[in-house]
There are 2 protein chains.
Amino acid sequence: MKHMRIPPRTGVGLELAKGQLLRIVCPNGSQVADVTAFAADYRTEYLSSGRTIDYVGSIYPTTGDRLWSNRSRPMLAIEGDTAGRHDFLLAPCSQEMFERLYGVVGHHPSCYENLVKALTPYGVDSDAIPVTFNAFMNVTVDSQTGRIDIGAPRARPGDHLDLRAEIDLIVGVTACAAEKTNAGAFGPIDLELS
Amino acid sequence: MKHMRIPPRTGVGLELAKGQLLRIVCPNGSQVADVTAFAADYRTEYLSSGRTIDYVGSIYPTTGDRLWSNRSRPMLAIEGDTAGRHDFLLAPCSQEMFERLYGVVGHHPSCYENLVKALTPYGVDSDAIPVTFNAFMNVTVDSQTGRIDIGAPRARPGDHLDLRAEIDLIVGVTACAAEKTNAGAFGPIDLELS
């Protein structure tokens, strides 16, 4: 078992071999972790929100569901999920997003920037970072109007998401840097590889 | 004004200069058109579902909204929309999708295949085709469970969507090839460029 702690508002890249289990832990509760993945053998094959939502039949994948690539290959199987609410609609927070939606001036840490830093060493181009699977993020949709709302994460201390690699992967994970997404505070994210 | 008809279950690629208007018409009603776009100057900059849903604040962009790139640039402004329901959740239908979800055996026409054919001449890689903006597609989301449902398109004969290019673009448009998405029948899609 390998343990890793992602400090608040940072990110990591790692290799995950077929069959390995990645547990993503929310140690203090109420903290989002953006997750993305690329096939180790085809770096242009990535975790796809659109394929996953179609195959799962839901915007809220959970235990028993799989996360799919743009080539329709299963990439990760969700083997456990004690939080029960994750988002696959929104792109990772970025400098431009903070400026446009929240009027931020000057540099703001972001999941996009952290994923670029974490994945560049693995040959992933900055433009190739797709819509992320936002673990523990609480996005709701109004059925009638389609309006979205970002609520406080439901994750309590110790809640976790267990992802089994179905192919060899390069994975990026962050401890999300957005105020609203994390109910105004920032915690770390813990990873356990086995 | 340039007119173009996309025959049923096919697609086209075209250049759209900044300021040009693309009207996408559903001539017979009840027919979906998958739309994607790439920046003419950076072919790795593409129409992003995740950025758009975040900036629009809704899964149902309509008149007055803009469609955004992965680099957070506005690509297309929706200047008119007589149908009022489009989808930005699902990836374009593909051979693998028809096999996995509907048990299709043998070749099935698909928006993904048609977009690859249409956009390869413009230097777009097949893996780079993202989640499409699915004009006239009627996807609903259950607020509580997150389950999605694909209903019959609401578009009546002549309904249209007007998209103004905010930067120089390469655009791909299809007349969708999926049975369920189009209520079991296939019509053409008309394009008007001005």
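Colleagues, please keep in mind that the model is predicted.

I begin with the interface. On chain A, 42 residues are in contact with 42 residues of chain B. Together the two chains bury about 3400 Å² between them, and 48% of that area lies on carbon and sulfur atoms.

I turn next to the polar side of this interface. Between chain A and chain B there are 25 residue pairs in polar contact, counting pairs with both residues at pLDDT 80 or more. As for which elements of chain A take part, those giving two or more residues to the side that touches chain B are α1 (49-56) and α2 (95-102). The largest share of that side, 7 residues, is supplied by α1(A). Sorted by class, the side of chain A that touches chain B holds 20 nonpolar, 12 polar and 10 charged residues.

The count of salt bridges between the two chains is 2. Arg71(A) forms a salt bridge with Asp127(B), with 2.6 Å between the closest N and O atoms.

Let me now move to Ser110(B). This residue sits in the loop between α2 (95-102) and α3 (111-119) of chain B. Is Ser110(B) buried or exposed? Ser110(B) counts as buried because its relative accessible area is 1%, where the cut-off for buried is under 20%. Its side chain reaches the backbone nitrogen of Glu113(B) at 3.1 Å. Leaving aside neighbours within four places in sequence, Ser110(B) is in contact with Cys93(B), Ser94(B), Gln95(B), Phe98(B) and Ala177(B).

Thank you for your attention.

Definitions and conventions. Residues numbered from 1 in each chain as written. Chains lettered and ligands numbered in written order. Predicted model: local features only at pLDDT ≥ 70, side-chain atom pairs only at ≥ 80, totals over all residues. Heavy atoms only, no water. Contact = heavy atoms within 4.5 Å. Buried area = accessible area lost by both parts, 1.4 Å probe. Salt bridge = Lys/Arg side-chain N within 4 Å of Asp/Glu carboxyl O. Polar contact = N/O pair within 3.5 Å; in protein donor to acceptor, adjacent residues only side chain to side chain. Helix = DSSP H or I, 4+ residues; strand = E, 2+ residues; numbered from the N terminus. Nonpolar A, V, L, I, M, F, W, Y, C, P; charged D, E, K, R; others polar. Buried < 20%, exposed > 50% of the residue type's maximum accessible area, 1.4 Å probe, protein only.
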